There are 2 protein chains.
Amino acid sequence: MPQPRKRATIREVAKATGLSPAAVSYALRGMQVSEETIERVRRAAAELGYEADPIARALASGRTGMIGLLCGSLEDLWQQALAVGIGRALKDNDRYALILDAAGDPAREYTLARQLRDQRVDALIVQPVDPAAPLWAELCEGLPVVSIGDALAGARAAGEVVFDNRAGVTLALEHLRERGHRRLAVLTSTRASTPDRPADVHVMAEAGRLDLDIELVTAPHSPASATRVAGEMLDAGHRAFFCFADSIAYGVYAASAERGLVIPSEVSVMGYDDHPMSGLLTPGLTTVDWDIDGIVRAAVRMVVAAADGNPRRRRIVQAPQLRERGSVG
Amino acid sequence: MPQPRKRATIREVAKATGLSPAAVSYALRGMQVSEETIERVRRAAAELGYEADPIARALASGRTGMIGLLCGSLEDLWQQALAVGIGRALKDNDRYALILDAAGDPAREYTLARQLRDQRVDALIVQPVDPAAPLWAELCEGLPVVSIGDALAGARAAGEVVFDNRAGVTLALEHLRERGHRRLAVLTSTRASTPDRPADVHVMAEAGRLDLDIELVTAPHSPASATRVAGEMLDAGHRAFFCFADSIAYGVYAASAERGLVIPSEVSVMGYDDHPMSGLLTPGLTTVDWDIDGIVRAAVRMVVAAADGNPRRRRIVQAPQLRERGSVG
DNA sequence: AGAATATAGGTAACCGCTCCCACCATGCCA
DNA sequence: TGGCATGGTGGGAGCGGTTACCTATATTCT
């Protein structure tokens, strides 16, 4: 390892100013020292091109200023949009996010979450793959964790933005029922099929209440696979779809087009999550909207507060809203 | 800061095994010690729940095992797909990526790139906002950097996957010309409009060669803004579009739909980059495909090799391919 | 058998910064 | 004029590892 251009250390700045390393450290962070000293240190630091080493700082202080973002499955376009939004919002708070992708795998989620903690992130935003994992209780013990989507079971989270999935499912199914659809294909995402995730349960319950005849199928987020699954359902005679992610609904659009079936006159599609793209399709995708901007704002506010040491410990229940655009006939 | 459950340190493992910390350190990494000792250390570590602290390790060794991924503008769906793909591919290599988003801002790119270096990532993949920034030369000095998209000017990169934008532009414009379009609206992305990015230059040159009448406009990646810009161009009478990112082309779809204009009979749209979504639209978006999987594989292979200390220093020129799907009438 | 060479493990100096604590001038009050 | 807060400063011990260098023992060779 040939050290590039050896970087200046705090000791060199100390020597240059005739102060102790400690004094320099304080001065750079504006504590306990006179204005005059601060100015002197600043000048010397600039001169030497000194910049504090974040790794050394993290080791000594246990803090890094970074916020971790652990996504359940970045393949989902909605989660991508969420990640981008959170990144930008944190930027506006002069923080920055380390984004990691669990790829829908609980084992990887376990590894990455601990890795993030060991990296000394000040706080963590997580969209859990498995909200019931014992991992979360352990993690919350020493690190503020804000969850999005589902509440973390048995853990003292620093904040939660939970979706009222029961209400969301009701909204979607009632809408389909009103439009006269009784026989439905329900495409749940792999993410949604986590053990204990109650979405499927809600679907079953609502289906019973509304006297619906549903067929539940698991579909991956990736467009190609979703298209394949959707095609199979179309071929099996299904003409009304409730998809547990907009990315999956896009697959229904593609599969329908392949077969020359027209939405919404011949096929009805209902999405879930409202991705920015969904309004651009023709016809626009009717979906359940969770107000992604609101979620981003709430989560970021909570995580920043927690990282600063004054956690709110609030739970925000996000109410769903039907975004009718014309894909349900 | 109430330390949660104080973690075991290497010294405790040393005490438990009767060895020196150094021996334990070696043993855990399988160097210079007997099999028997390694086994003994493993056992003791497991017993104590010891796990090496990555921060301390990074400070002492200068290595972390992580790979940084700095995206130019994560708002672009194509770059999102790229990020996801790279994340997964790295996972398959037992590495993991720290994803950061420069949000199209050269200043932020500067900050984040240095931050990543200071975090001691073993190597960096970057999709530069400003490939001509002096930053890169400085960074490449001590860190293997693999660039995607454009070559880094004046820097010794550890690998490059460059797009033959000249060929891509030619392909797109010739296709439009063949189909009889002479008057074109060209929507370049904010990313593409970086000073010195040659894409615009190619467009001008080709337009001259093909005797095209073009109007060049900058459009942001976000669907809403792209839709607005596209609408303005439609209202100005434009009916043929070349968009420098598929995400922008989606905006043309939306704006056309709003105005009751049908693609491809009344409006022609040509994309650039081929996002997975583009095949799902109706009609499918005709675009220039760069083989995203191939790019991911190449970049990851190079960056992993470089991180392991045997850089390839190769430049791969990605050839474009016309993906005709029916959006050009 | 004795010298030469491996091999296993110990010693201690870092890596660069933070923070507890002791220190030393002041200025103020009695 | 001496005792005492007060607040800016410096000393130095960590934080939890890694690694160059060195020693003692085991192995090999002549």
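This is a predicted model: local features need pLDDT of at least 70, side-chain atom pairs count only at pLDDT 80 or more; totals for chains, interfaces and linings use all residues.
Two strands are said to pair if DSSP finds at least two bridges between them. Helices (H or I, at least four residues) and strands (E, at least two) are themselves DSSP runs, numbered from the N terminus.

Residues are numbered from 1 along each chain as its sequence is written, while chains are lettered from A and ligands numbered from 1 in the order in which they are written.

I begin with a sheet in chain B. Strand β6 (residues 183-189) of chain B runs parallel to β7(B), and seven bridges join the two. One of the bridge partners in this pair of strands is Ile214(B) in β7(B), which faces Leu184(B). The whole sheet is open and has four strands in the order β7-β6-β8-β9 (chain B), with parallel pairing. At its edges lie β7 (213-219) and β9 (268-270) of chain B, each of which pairs on one side only. On average, neighbouring strands are turned by 20° against each other, direction ignored; axes here are lines fitted to C-alpha atoms, for helices over the stretch in contact, and angles run from 0 to 180 degrees between N-to-C directions.

Which strands does helix α10 (residues 223-235) of chain B touch as it packs on the sheet? Helix α10 touches β6 and β7 of chain B, and its direction makes about 155° with that of β7(B). Two residues are in contact if their C-beta atoms, placed from the backbone, lie within 7 Å.

The next topic is how the chains meet. In chain A, 38 residues are in contact with 38 residues of chain B. On the side of chain A that touches chain B, α4, α5 (77-92), β2 (96-101) and α11 (246-258) of chain A each give two or more residues.

Finally, I come to the DNA. A residue is near a strand if its C-beta atom, placed from the backbone, lies within 6 Å of it. DNA strand D is surrounded by 24 residues, the closest being Ser20(A), Ile10(B), Ala22(B), Ser25(B) and Ala60(B). To the surface near DNA strand D, α4(B) gives the most, with five residues. Around DNA strand C there are 23 residues, and Ile10(A), Ala22(A), Ser25(A), Ala60(A) and Ala23(B) come nearest. Here the largest share of the surface, five residues, comes from α4(A).
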